[in-house]
Amino acid sequence: MRKLLTPLAALGLSLVLAAPVAAQSIAGPYLAARSAAIQSDFEQAASYYTRALARDPSNLYLMESALVAQLALGRLELALPIAQAMQRADQGSQVAQLVLTADKVINGEYEALLTERGDAQVIGPLVDGLIEAWALIGTGDVSEALNRFDAIAAQQGLQAFAMFHKAMAVASVGDFEAADEIFSSDVNGTVLQTRRGILARVEILSQLEREDEALELLETTFSGATDPEIDAVIAALAEDDPMPFTHVNSVQDGFAEVFFTVAAALRSETGPEFTILYAQTARILRSDHVDAILLTAELFEDLEQYEASIEVLKEVPATHPAYHAAELGRAAALRRSGKQDAAIEVLEQLARSHGDLVSVQSALGDALRQQDRFEEAVGAYNKAIALVEETNGTSNWFLLYARAISYERQGFWDQAEQDFRAALELNPGQPQVLNYLGYSLVEKQIKLDEALEMIERAVAASPDSGYIIDSLGWALYRLGRYQEAVPHMERAVELMAVDPVVNDHLGDVYWAVGRYREAEFQWSRALSFIDKSQTVEDVDPERIRRKLEVGLDVVLDEEGAEPLKVVTD
């Protein structure tokens, strides 16, 4: 497990497994479980670790491993007996304590949560402190709970966490004035640094009948760029009655918020295989915590567990304002799992229900473009661009760039060039646009001097991009500057060693400078990589085979192309 970075190192969180105990009877399921765990396939890992544990029930390593897999899947009912067995063996762990704590919260055993901690660290300084504070709320000792939040805030790096939860705690018992005071005193914005914190304060301001301040906060934070969830909040603020405070409705919700807060903080600090344990604990304690659902799905996708991500996202109801975000996530997971048609189907359905969202039309356009359905992609991009222009009075460079690619792929060069240049007007130094337009001009053998200047600017902006450096080398080749092209093409192959297009280009450049054996070697490499490439449409294997048979000069002559220029030293 990667070491946590400051200030999250203060959380004291880690995942430590006992050393495995070898046994002939468990070798098969143990090895299968280990293989599944390495792949983050928690379903298979849980199954095989459970089988191994049945044969060696006192093996602490197997207990811990099975526990991790079950909690990662959000299965408290299967994780709890293992955690209890570890506790009876006086071999508790942080993961076991997560499970045991969740069970006590569900059963309202707040006194037990306070008693078992005492002066000892059970999970980590932040988590233990927040659990104690919320447990005190659960026992009715609000005053002491607030003191506990203050004590946590005094610890280095933990102030924002403690103050946010203190605000949630007082708001949950109806003291919205005190909650707003906490937010108002947050001069550095640390408590309000998350979207969830901002929306919580908006609800608090509404409860205080300060809707104008709530609207100003939304406008300042989101700069007018709304989505269905923000739109729903704005609409609710216009109603006569105050918005209900929904972020923490009970003590159990407060505990769910603890684990979600930690999971969100760990998101950028440590691996998803660890973070997901906290996200799932939040979901166990509050099944309607949509932010926890979305985070859990993202973590599954990071772990390349796409089916698990898809299933979690299905839990967001169609009536929830974040439904579009869940469906966009589901489509992304389907695409990454290779189910392109299913992803497009999800996006097309979403376009029918949420077609006024730029993100939906843009995602649909991207999915269609990647499936070479360029005409349909243009239609989606047209709608996205129109929505952006209607809202902002200007366009979006990436949407113009994506539509330009779709036009270019259909052979509509005039429309494509117009969009490429419009994208550059909005973002003059954008290396992707500079490279694509420059490379396209090179391939068409028009405006070559301008094309070279564009590509050189793209290289300066992205000096480690193999695609862009390949474009520079190819532009120099097209200009007949073969010797200059060599080092750039060689660098491109270093960066993209198995790309067939780049290897094919290097072969042509080598041939042009008289390095014929090396050219044939690169062409052969290009052929060997074609099946592994995602850019196979940009290279013709039959043309490469012909070059290997007769050489590049003959191929160019057969194609009616201009011959290579004479190489002079």
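This is a predicted model: local features need pLDDT of at least 70, side-chain atom pairs count only at pLDDT 80 or more; totals for chains, interfaces and linings use all residues.

Colleague: What volume does the second largest pocket have, and which helix gives the most to its lining?

Modeller: The volume of the second largest pocket is about 1400 Å³. At least two lining residues come from each of helix 9, helix 11, helix 13, helix 14, helix 16 and helix 18. With seven residues, the one that gives the most is helix 16.

Colleague: Why do the buried residues of helix 10 line one face of the helix, and which helices do they pack against?

Modeller: In helix 10, which covers residues 176-184, the buried residues are Phe176, Ala179, Asp180, Ile182 and Phe183. Viewed down the helix axis, they fall within an arc of 155°, so they line one face. Glu177 and Glu181, on the other side of helix 10, are exposed. The buried residues of helix 10 pack against helix 9 and helix 11.

Colleague: Is Thr275 buried or exposed, and what is its relative accessible area?

Modeller: Thr275 is found in helix 15, residues 272-285. Leaving aside neighbours within four places in sequence, Thr275 is in contact with Ala263, Leu266, Arg267, Thr270 and Leu299. Burial requires a relative accessible area under 20%. Thr275 is therefore buried, its relative accessible area being 0%.

Colleague: Which residues is Leu98 in contact with, leaving aside its neighbours within four places in sequence?

Modeller: Leu98 has its place in helix 5, residues 94-106. With a relative accessible area of 2%, Leu98 is buried. Leaving aside neighbours within four places in sequence, its contacts are Leu71, Ile123, Phe259, Leu277, Tyr278 and Thr281.

Colleague: What separates the C-alpha atoms of Leu98 and Ala153?

Modeller: Leu98 and Ala153 are 55 residues apart along the chain. The separation of their C-alpha atoms is 22 Å.

Colleague: Where is Glu209, and what is its phi?

Modeller: Glu209 has its place in the loop between helix 11 and helix 12, and it is exposed, with a relative accessible area of 60%. Most residues other than glycine have a negative phi. Glu209 is not a glycine, yet its phi is positive, at about 60°.

Colleague: What is the phi of Lys447, and where is the residue?

Modeller: Lys447 has a positive phi of about 50° although it is not a glycine. Lys447 is partly exposed, with a relative accessible area of 42%. Its place is in the loop between helix 24 and helix 25.

Colleague: Turning to the whole chain, how many helices and strands does its secondary structure come to?

Modeller: The C-alpha trace of the chain spans about 90 × 70 × 40 Å along its principal axes. Of the 569 residues in the chain, 52% are buried. The secondary structure comes to 31 helices and zero strands.

Technical notes
Residues are numbered from 1 along each chain as its sequence is written. Side-chain values use heavy atoms; hydrogens and water are left out. On a 1 Å grid over the protein atoms alone, a cavity is a set of points where a 1.4 Å probe fits but cannot get out, and a pocket is an open set with protein on both sides within 12 Å along at least five of seven lines; lining residues have an atom within 4 Å of a point. Grid points are joined across faces, edges and corners, and a volume is the space filled by probe spheres set on the points. Helices (H or I, at least four residues) and strands (E, at least two) are DSSP runs, numbered from the N terminus. Buried means under 20% relative accessible area, exposed over 50%, partly exposed in between (1.4 Å probe, protein chains only). The arc is that of the directions from the helix axis to the C-beta atoms. Contact means heavy atoms within 4.5 Å.
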